[in-house]
There are 2 protein chains.
Amino acid sequence: MFRSLLANNARYLSSAFVAGEPAGPEVKTAIPGPRSLAMLAEMKTIQISDAVQLFADYSKSIGNYLYDVDGNILLDVYTQISSVPLGYNHPELLDVLQDKENIRTFINRPALGVFPGENYPQRVYNSLLRVAPKGHTEVTTMACGSCSNENAYKAIFVWYRRKQRGDAPYTPEEETSCVMNQSPGVSDLTLLSFKGAFHGRTFGTLITTHTKPVHKLDIPTMDWPIGTFPRYKYPLEDFVRENEEEDRRCLAEVEELFERYNKRGKNVAGVVIEPIQSEGGDHHASPAFFQQLQRIAKKNGAALLIDEVQTGGGTTGEFWCHDHFNLEHPVDIVTYSKKMLVGGYFSLPEFRPREGYRIFNTWMGEPSKVVLLEKVIDVIKRDKLIENVKVTGDILLNGLKAFGKRYPNLVKNVRGRGTFCAFDCDSMAKRDQLVEQLKVEGVQTGGAGPVAVRLRPSLVFQPHHAAIFLDRLEKALHKMDNKV
Amino acid sequence: MFRSLLANNARYLSSAFVAGEPAGPEVKTAIPGPRSLAMLAEMKTIQISDAVQLFADYSKSIGNYLYDVDGNILLDVYTQISSVPLGYNHPELLDVLQDKENIRTFINRPALGVFPGENYPQRVYNSLLRVAPKGHTEVTTMACGSCSNENAYKAIFVWYRRKQRGDAPYTPEEETSCVMNQSPGVSDLTLLSFKGAFHGRTFGTLITTHTKPVHKLDIPTMDWPIGTFPRYKYPLEDFVRENEEEDRRCLAEVEELFERYNKRGKNVAGVVIEPIQSEGGDHHASPAFFQQLQRIAKKNGAALLIDEVQTGGGTTGEFWCHDHFNLEHPVDIVTYSKKMLVGGYFSLPEFRPREGYRIFNTWMGEPSKVVLLEKVIDVIKRDKLIENVKVTGDILLNGLKAFGKRYPNLVKNVRGRGTFCAFDCDSMAKRDQLVEQLKVEGVQTGGAGPVAVRLRPSLVFQPHHAAIFLDRLEKALHKMDNKV
């Protein structure tokens with residue numbers, strides 16, 4: 001079906017954003033192939049490598065195509081766990097490193113919080129602040145997604161305690177007790193997170209992560225409130241009433257958790273949530289849910305943190321996924337990383353600590369990534385890549401919905417925003433099998449949660465790539481369907 | 001005194017490891033100067049900037065000299081909080097980015113745990129494993145020091161619980177409970193850290209950090225045991241008996257903490273310690289202390305983690321500071337970052353989790369840093385920079401000791417290994433004043449703890465730089481002494 005679309009419909013024959021891409025995927029060996037396996041054996045002697053899928057050839061990879069060391073060429077709709085904004089070896093990014101001044105930025109990494117470089121504020125204006133979420137004018141840079149959340153959580157606790165103190169200075173007792181991990185200097189505050197949430201694997205973020213046991217087993221944690229993120233029935237248009245009821249149920253539980261924890265003196269200082277639960281299985285919630293959640297947080301004097309580490313950067317058809325939600329107020333804190341190349345968070349001015357070194361570390365992000373990000377954002381604007389994401393996302397989603405009718409056990413609950421799409425298989429075994437079969441057909445994708453296949457192409461994934469993807473998916477589905 | 005040494009003693013006129021350095025510091029304006037202040041005003045509108053000291057010109061900075069945007073040239077003995085191994089703009093590092101293949105590594109950042117690049121295992125052999133601590137053959141890469149410690153802590157808990165379970169698989173109850181932050185899936189294990197310790201500012205590491213209130217106020221934490229790190233009297237040779245008694249007192253407390261926490265069911269799974277407490281004020285402990293600490297940990301079935309984030313990379317005259325301690329056994333886990341350009345940890349094979357994704361994140365470090373590190377280690381070996389650190393460190397330490405006799409209120413408790421040297425002033429006010437006065441004399445240094453000045457030059461800090469530093473320090477001390 002999609003092969004014919006590809007051949008006959010001009011709409012799918014858009015000119016490529018990245019020159020030099022191959023005509024399509026090409027699979028020559030099993031994946032991982034013999035060279036990947038040999039390297040994996042070598043890697044296993046020096047470090048944990050159980051999650052390695054293949055060894056890539058990053059000198060050959062181009063645009064949407066990931067080349068591996070066995071000569072296989074995969075259409076990459078997973079893009080390094082959603083972290084590659086412009087595909088591989090984008091010529092404009094290669095050019096950044098031809099500039100002598102830029103090269104110096106790559107080898108002189110400063111302690112940004114103490115000795116920033118000459119052009120750093122301007123670089124931040126030209127990159128991060130150019131795409132700041134609505135209502136935001138401040139940003140704090142960090143090295144990765146986990147650190148971004150860790151530090152944003154700290155900023156929330158500091159903000160909440162300052163409100164509680166009525167801006168009074170710390171008491172000597174607070175200062176001495178906190179150093180020994182004791183009250184009153186340390187607080188008993190909590191953050192509310194959601195079942196199925198993923199915010200990172202470091203200790204603080206792990207308290208709020210609730211996806212798989214493998215992330216959390218054996219690690220000490222804290223008793224913080226955990227709400228329920230909606231689980232919708234699809235297609236949405238057929239289950240309007242049920243899904244509204246699901247929103248109400250989840251929001252009532254949030255209110256109840258606020259009351260329960262605040263009453264116990266473990267005040268809920270903030271709510272931490274993904275705009276789409278990604279690692280947990282691509283669970284969506286309605287704009288109305290997020291609007292009401294923001295109201296509940298405000299009513300309770302708590303901050304709302306939206307974690308856009310996986311959803312940010314344009315992949316949902318808006319630069320930030322929460323732009324879809326039409327929220328009443330700017331979000332208090334928005335964290336990012338992955339496609340932004342470097343971590344950090346945008347926060348409203350009231351979340352800025354009053355003292356230096358409250359939010360601090362040696363590197364505080366990295367200027368060389370900001371230099372690359374500046375170019376990435378130039379290209380996103382020049383090539384209208386968000387518009388591309390919308391158009392291509394529609395094609396993807398419609399294609400998946402069509403498959404849903406033909407392969408109801410393999411393609412269920414089709415959902416997505418932009419190219420940030422997913423569907424469920426009716427078991428984990430089938431999902432895993434489908435991801436493998438897709439690799440055989442030349443497509444690198446990934447699972448999410450127990451039964452979902454998630455699509456995370458880069459922003460240069462165009463209609464003709466979607467057509468190729470759908471064609472290969474159709475083959476994989478057809479083969480699996482005949483086997484079952 | 002040192003000016004004459006510089007002029008007359010051939011020993012101090014070593015040829016420069018980095019070509020193009022100026023003859024000495026040059027201060028033209030107040031620091032921060034007018035341009036730095038203008039940029040700081042700009043930066044303050046977009047992010048927390050209270051710790052910024054100046055804006056640097058990283059295109060002009062060279063070797064041991066940090067140029068700022070006001071045309072000031074500072075001899076840098078602080079090097080971005082001890083994170084610059086070969087000084088600024090080292091020609092060999094600039095060359096790395098002339099190589100087209102290398103450039104692709106800088107713009108195609110992979111999810112290393114899933115899709116490593118072709119040459120990655122070899123790159124790790126040529127860099128990190130080439131300098132692995134004694135007895136180590138495995139390494140896990142991370143993006144920064146905090147993440148390195150966070151993940152190393154997790155590896156310890158996973159290891160300890162596996163021992164407790166006798167290698168039995170997880171129960172279904174453990175698997176379901178942990179996702180909701182509950183026992184038995186999450187553990188009540190603890191790590192023992194030390195007063196004055198600094199291991200990072202993220203939630204897990206912050207539980208073990210005990211330096212300043214500003215790091216810890218308001219942040220929820222856990223009740224983990226906190227021991228006492230020795231506080232020695234100097235000069236060491238005059239207080240042998242007292243300092244041995246201090247070791248005994250601290251070690252007895254460690255044993256008592258093991259007993260107390262284990263009895264309460266909050267088993268101590270590991271001991272986390274810096275070989276020199278750095279941020280806390282450059283506190284040293286004897287080889288005998290560390291040897292005995294290792295024995296106590298072993299006796300209790302607990303891991304010993306030595307945090308070499310600030311001390312690693314050659315700056316103490318050995319590649320790893322704990323090489324000075326003549327320990328009976330390899331250290332279980334050694335964490336690193338800063339001068340290594342990228343974070344991570346070396347661990348004995350038994351600390352490798354049995355399942356993929358136990359220790360994991362999107363980026364798992366960064367190959368481009370490993371490419372740079374490979375070159376850094378080449379240069380360290382070729383130019384015999386560890387030998388240089390030893391020679392230069394002796395000059396520094398002897399110079400400081402001489403000042404200690406002449407300015408007993410401003411230069412006390414002189415101590416150090418290699419060029420990792422420090423001394424105390426007799427008050428925080430005087431220390432802060434001295435750091436400022438040193439800047440006026442053209443030297444960038446930094447404080448540590450309440451009263452210490454810490455020296456953290458790069459590995460290309462040579463005898464002639466030490467002579468210049470001592471000369472400038474002498475001027476600063478003389479001026480302050482006349483004011484007091």
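**Figure 1. A close-up of T190(A) and its surroundings.** The backbone oxygen of K266(A) sits 3.2 Å from a polar atom of the T190(A) side chain. This is a predicted model, in which local features need pLDDT of at least 70 and side-chain atom pairs count only at pLDDT 80 or more, while totals for chains, interfaces and linings use all residues. Residues are numbered from 1 along each chain as its sequence is written, chains are lettered from A and ligands numbered from 1 in the order in which they are written, and side-chain values use heavy atoms, with hydrogens and water left out. T190(A) belongs to strand β4 (residues 190-194) of chain A; helices (H or I, at least four residues) and strands (E, at least two) are DSSP runs, numbered from the N terminus. With 0% relative accessibility, T190(A) counts as buried, a word used for under 20% relative accessible area, with exposed for over 50% and partly exposed in between (1.4 Å probe, protein chains only). Setting aside residues up to four places away in sequence, the residues that T190(A) touches include F157(A), W224(A), Y261(A) and K266(A); contact means heavy atoms within 4.5 Å.

**Figure 2. Helix α8 of chain A and its packing partners.** Which residues of helix α8 (residues 172-179) of chain A are buried? They are E174(A), S177(A), C178(A) and V179(A). These buried residues pack against α7 (145-165) of chain A together with α10 (213-216) of chain B.

**Figure 3. The meeting of chain A and chain B.** Here 122 residues of chain A contact 120 residues of chain B. The area buried between the two chains is about 11300 Å², with carbon and sulfur atoms giving 62%; buried area is the accessible area (1.4 Å probe) that two parts lose on being put together, summed over both. Between chain A and chain B there are 10 salt bridges, each a side-chain nitrogen of Lys or Arg within 4 Å of a carboxyl oxygen of Asp or Glu. In one salt bridge, K369(A) pairs with E366(B), the closest N and O atoms being 2.5 Å apart. On the side of chain A that touches chain B, α7(A) gives the most, with eight residues.

**Figure 4. The symmetry of the pair.** A rotation of 180 degrees with 0.0 Å of shift along its axis superposes chain A on chain B (RMSD 0.0 Å), which is the relation of a two-fold axis. The superposition is by least squares on the C-alpha atoms of residues with pLDDT of at least 70 in both copies. Look for F203(A), whose C-alpha, at 2.8 Å, comes closest to the rotation axis of the residues of chain A. The copies meet through the same surface, because 98% of the interface residues of chain A are also interface residues in chain B.

**Figure 5. Salt bridges within the chains.** D167(A) and R354(A) meet through their side chains at 3.1 Å, N to O. D167(A) lies in the loop between α7 and α8 and R354(A) in the loop between β11 (343-347) and α13 (367-382) of chain A, so this pair ties together parts 187 residues apart in sequence. D167(A) is partly exposed at 47% relative accessible area, and R354(A) is exposed at 52%. In chain B, R454(B) forms a salt bridge with E279(B) at 3.0 Å between the closest N and O atoms, and both residues are buried.

Conventions:
Polar contact = N/O pair within 3.5 Å; in protein donor to acceptor, adjacent residues only side chain to side chain.
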